[in-house]
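Welcome, and thanks for taking a look at this one with us. Please have the sequence and the 3D view side by side as you read the briefing.

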Amino acid sequence: MNETEKIDAGQTSAMDLLKKSDRTPAQEVINVTRASLPPLSEYTAMLQDIWDSAWLTNMGKYHETLRAQLKDYLSVGAVQLFVNGHSALELLLQAMDLHGEVITTPFSFASTTHAIVRNGLTPVFCDINMKDYTLDVDQLESKITEKTSAIVPVHVYGNICDVKRIQEIADRHHLKVIYDAAHTFGEKLDGIGVGCFGDASMFSFHATKVFNSIEGGAITTRGESAELMEKLYELKNFGILGQEKVASVGANGKMNEFAAAMGICNLRHVDEYIAKRKQVFDRYIERLRGTEGLIIPEIPDNVTSNYAYFPVRFHGFRYQRDEVFMNLKKENIYARKYFYPCINAYECYQDQYRAEDTPNALLVSKEILTLPIYPDLSLQDVDRICNIILHGEV
């Protein structure tokens with residue numbers, strides 16, 4: 001894989017991109033995102049406690065503190081922490097004891113579908129709507145068969161799914177609803193925390209997210225959900241329920257104390273991070289709104305956004321999406337074709353699915369580009385990015 005391919009795949013490391021020492025400040029690399037970090041002194045102060053206790057993992061003090069704080073911040077009834085978001089989703093699907101088919105979207109990160117497949121379940125892809133790129137509820141019911149056991153919608157780019165209609169359909173057919181909420185940390189719909197919808201929601205705390213614990217994830221529910229939370233605890237801890245009791249075939253999905261400490265630190269600052277993201281988001285809106293051929297985000301009045309992403313569709317614009325991508329790349333600005341390709345176009349699924357069967361997702365995947373957005377991105381750099389998009393040059 002060459003450097004260009006790694007960048008397209010989102011796999012280029014910071015060292016790969018920053019290793020050249022002859023760049024002027026105007027040439028410094030701007031990635032699509034950058035990890036938010038608290039003051040170093042805050043984090044290192046917490047490390048002393050970890051050193052003194054020598055308790056590094058297995059649901060220690062910081063793990064339990066973060067879990068309690070997230071329950072409050074996310075306005076949910078229960079939280080279970082995991083080593084990462086994928087493990088959280090995979091083990092949640094296992095805990096639900098599902099069977100047969102699970103309806104989901106092809107317009108998501110690989111993890112969503114992989115978690116379904118790795119549970120021995122069959123993904124059934126429902127196309128997306130063209131307004132916010134979430135699952136098209138008008139097509140949902142037609143995908144339900146006697147084999148369907150659950151629906152796994154995705155809140156894409158922080159756009160919250162039509163949770164009311166999805167729940168109505170699920171209730172009518174006695175199906176579980178599990179939300180991939182990786183993009184929606186801290187968001188609310190009509191004042192309700194997004195982690196309260198469906199039977200459960202998965203959040204990712206990966207370094208690229210609005211809130212990170214370096215790596216990490218969580219499952220949330222609206223109520224206390226004691227039985228589910230106990231099952232998730234069991235599954236993330238090898239199925240161990242006591243020193244001499246192993247009740248099930250579990251995995252190792254535990255969040256360690258170092259990650260939890262980072263989460264606690266970042267949670268103190270996350271509102272500040274979001275406020276700064278909003279400034280970047282608003283500048284993009286100011287510069288790009290009304291431009292023919294550009295389709296840019298709209299946030300409904302009843303949504304409290306986290307401004308996680310700024311996706312732009314190039315539909316009838318003077319430049320094609322890939323031309324814009326390359327124009328930015330020439331200036332060391334790395335936007336991301338997110339999500340491209342669609343999951344049902346992946347090589348690992350090519351014998352089972354056709355991307356052409358979900359034409360909306362296929363079209364959007366070829367037209368979408370997520371622009372750089374993170375708290376420390378300067379408005380001057382946002383203007384530079386917009387100038388390149390609009391004019392092909394700085």
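A residue is called buried here when its relative accessible area is under 20%, exposed when that area is over 50%, and partly exposed in between. With that in hand, Gly217, Ile219 and Thr221 point one way from β10, Ala218 and Thr220 point the other way, and all are buried. Please keep in mind that this is a predicted model.

- Strand β10 covers residues 217-221, and because 5 of its 5 residues are buried, the strand is largely enclosed by the rest of the structure.
- In a regular strand, side chains alternate between the two faces of the sheet.
- One partner is strand β2 (residues 78-82), which pairs with β10 in the antiparallel sense over 5 bridges.
- Strand β9 (residues 200-204) also runs antiparallel to β10, joined to it by 4 bridges.
- Alanine 218 in β10 is a handy place to look at both pairings: leucine 81 stands opposite alanine 218, and phenylalanine 203 stands opposite alanine 218 as well.

**A three-stranded open sheet**

- In what order do the 3 strands of the open sheet come? The order is β8-β7-β14, with antiparallel pairing.
- The edge strands are β8 (192-193) and β14 (303-304), each of which pairs on one side only.
- Strand β7 (residues 188-189) is joined to β14 by 2 bridges in the antiparallel sense.
- Within that pairing, leucine 189 stands opposite valine 303 in β14.

**Asparagine 266 in helix α10**

- Asparagine 266 sits in helix α10, which spans residues 257-288.
- Is asparagine 266 buried or exposed? Its relative accessibility is 0%, so asparagine 266 counts as buried.
- The side chain of asparagine 266 reaches two backbone oxygens: that of asparagine 212 at 3.0 Å, and that of serine 36, which lies 3.4 Å from a polar atom of the side chain.
- Setting aside neighbours within four places in sequence, asparagine 266 is in contact with Ser36, Leu37, Pro38, Phe211, Asn212 and Tyr273.

**Threonine 113 in helix α6**

- Threonine 113 belongs to helix α6 (residues 110-117).
- With a relative accessible area of 0%, threonine 113 is buried.
- Beyond its neighbours within four places in sequence, threonine 113 is in contact with Thr104, Thr105, Pro123, Phe125, Ile343 and Tyr349.
- From threonine 113 to valine 154, 41 residues apart along the chain, the C-alpha atoms are separated by 11 Å.

**Helix α11**

- Which residues of helix α11 (residues 321-330) are buried? They are Arg321, Val324, Phe325, Asn327, Leu328 and Lys329.
- An α-helix has 3.6 residues a turn, so residues three or four places apart point the same way.
- Phenylalanine 325 lies in α11, and its relative accessibility of 3% is why phenylalanine 325 counts as buried.
- The C-alpha atoms of phenylalanine 325 and isoleucine 389 are separated by 8.7 Å, although the two residues are 64 apart along the chain.
- After α11 comes asparagine 332, with a positive phi near 60°.

**The second largest pocket**

- The second largest pocket has a volume of about 770 Å³.
- Of the 38 residues that line the second largest pocket, Lys131, Asp132, Asn159, Ile160 and Pro300 are the closest to its centre.
- Elements giving two or more residues to the lining of the second largest pocket are α7 (137-140), α8 (163-173) and β15 (311-314).
- How do the residues of the lining of the second largest pocket divide? There are 22 nonpolar, 6 polar and 10 charged residues.

**Backbone points to inspect**

- Tyrosine 338 and phenylalanine 339 are joined by a cis peptide bond with omega about 20°; phenylalanine 339 is in the loop between β16 (333-334) and α12 (359-367).
- Another cis peptide bond runs from tyrosine 340 to proline 341, with omega near -5°, and proline 341 lies in the loop between β16 and α12.
- Serine 75, in the loop between α4 (61-73) and β2, has a positive phi near 55°; at 33% relative accessibility, serine 75 counts as partly exposed.
- Aspartate 97, in the loop between α5 (85-95) and β3 (101-104), has a positive phi near 55°; with a relative accessible area of 65%, aspartate 97 is exposed.

Note on methods:
Residues numbered from 1 in each chain as written. Predicted model: local features only at pLDDT ≥ 70, side-chain atom pairs only at ≥ 80, totals over all residues. Heavy atoms only, no water. Buried < 20%, exposed > 50% of the residue type's maximum accessible area, 1.4 Å probe, protein only. Polar contact = N/O pair within 3.5 Å; in protein donor to acceptor, adjacent residues only side chain to side chain. Contact = heavy atoms within 4.5 Å. 1 Å grid on protein atoms, 1.4 Å probe; cavity = no way out; pocket = protein on both sides within 12 Å on 5 of 7 lines; lining within 4 Å. Points joined across faces, edges and corners; volume = space filled by probe spheres on them. Nonpolar A, V, L, I, M, F, W, Y, C, P; charged D, E, K, R; others polar. Pairing = 2+ DSSP bridges.
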